[in-house]
Amino acid sequence: MSTNLLGELSAFGLAIGFSPLHIGLLLLLLLGPKPLLRGGLFVAAWLVTAALAITLLLTVGHSLLLSMDKGSDHLTGLDLLAAGALLGLGVKELLNKNEEGAGPPGWTRRLDQFCALPLPLLLAISAGLQVASPDDLFLFAKSASSLLSAGLGRGQELLATGVFSLVSASLLLLPLLALLLAGPERMLPLLERGKQWLFAKGDLLVGLVSVALAVYLGWQGIEGLRLA
């Protein structure tokens, strides 16, 4: 696998993984009862969902013989559609942040209700939300298209899928591993402060990341049109 491919997969994986909703849910699980068990299952469900999503898209891409070479209709169209979706999301998040002012985002008030659900139902809802939004779907599709265009063997595709899944879960793995290694007494105050910071700044960062990725994918799409 090339360095460019790993860099692209890492960037898309981090963009998918920066989900304030999922990170907020994990922090609440880690601050509640049985934190390592419940938090570990939550992160494991994320990893499995990410790997299955990429595997499914790769299977569809191979079976339909989709061309994902630079300048192909499929790749160029995907780049431009993803750029539009991410730009719309980024602008929406930035505008919402300005309207809400200093108050916490509306989604934070629903997290306690989610955490009160039975764990299997919570994991199922979390997996659905992980792949439900258009911007995440486009990022999953773009990641799969990068793998298809690289022309890797099945073994390398599986390895790359594993790398992508781990990178996408890295922002969830960090607090879980920190709690496991440092213990609750040292980490719980830090996790509480991290939760408050996330609730205050999460939407702003999502907006900025989405706009930056939209610019990159838009440039990729324009380059594809020139090569077509």
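Leaving aside neighbours within four places in sequence, Leu-123 is in contact with Leu-41, Phe-42 and Ala-45, where contact means heavy atoms within 4.5 Å. Leu-123 is found in helix 6 (residues 119–132). Helices here are DSSP runs of H or I with at least four residues, strands are runs of E with at least two, and both are numbered from the N terminus. Leu-123 has a relative accessible area of 19% and is therefore buried; buried means under 20%, exposed over 50%, and partly exposed in between, with a 1.4 Å probe and protein chains only. The C-alpha atoms of Leu-123 and Ala-44 are 9.6 Å apart, although the two residues are separated by 79 positions in sequence.

The model is predicted, so local features need pLDDT of at least 70 and side-chain atom pairs count only at pLDDT 80 or more, while totals for chains, interfaces and linings use all residues. Residues are numbered from 1 along each chain as its sequence is written, and side-chain values use heavy atoms, with hydrogens and water left out.

The protein chain has 10 helices and 0 strands. From the N terminus on, its elements run α-α-α-α-α-α-α-α-α-α. Of the 228 residues in the protein chain, 43% are buried. Among contacts with a separation of 6 or more, 85% are between residues 24 or more positions apart.

Helix 7 has 17 residues and spans 24 Å from its first C-alpha to its last, close to the 24 Å expected at 1.5 Å a residue; the expected span is 1.5 Å times one less than the number of residues. Its buried residues include Asp-135, Asp-136, Lys-142 and Ser-143. Just after helix 7, Gly-151 has a positive phi of about 65°.

Ser-143 lies in helix 7. Its relative accessible area is 0%, so Ser-143 is buried. Not counting residues up to four places away in sequence, Ser-143 touches Leu-9, Phe-12, Ile-54 and Phe-164.

Which way do helix 1 and helix 7 run relative to each other? They pack at an angle of about 165°, with their axes 9 Å apart. Axes are lines fitted to C-alpha atoms, for helices over the stretch in contact, and angles run from 0 to 180 degrees between N-to-C directions. Helix 1 and helix 7 are therefore roughly antiparallel; angles over 145 degrees count as roughly antiparallel, under 35 as roughly parallel, 65 to 115 as roughly perpendicular, and the rest as oblique. Their crossing is left-handed, a term for a near helix turned anticlockwise from the far one by less than a right angle, with clockwise giving right-handed. Ala, Val, Leu, Ile, Met, Phe, Trp, Tyr, Cys and Pro count as nonpolar, Asp, Glu, Lys and Arg as charged, and the others, Gly among them, as polar.

Helix 1 (residues 3–17) also packs on helix 8 (residues 154–168), where the axes come within 7 Å and cross at roughly 40°. Helix 1 and helix 8 are therefore oblique to each other, and their crossing is right-handed. On the helix 1 side the contact includes Leu-9, Phe-12, Gly-13 and Gly-17, and on the helix 8 side Ala-160, Val-163 and Phe-164 are among the residues involved. This contact has 9 nonpolar, 4 polar and no charged residues.

Helix 7 and helix 8 pack at about 145°, with axes 11 Å apart, in a right-handed crossing. Phe-140, Ser-143 and Leu-147 of helix 7 contact Glu-157, Ala-160, Thr-161 and Phe-164 of helix 8. The residues divide into 4 nonpolar, 2 polar and 1 charged.

Thr-161 also has a C-alpha atom 9.0 Å from that of Leu-52, 109 residues away along the chain. Leu-52 is found in helix 3 (residues 35–63). Its relative accessibility is 56%, so Leu-52 counts as exposed.

Lys-34 lies in the loop between helix 2 (20–30) and helix 3. Its relative accessible area of 59% means that Lys-34 is exposed. Phi of Lys-34 is near 45°, a positive value in a residue other than glycine. Most residues other than glycine have a negative phi.
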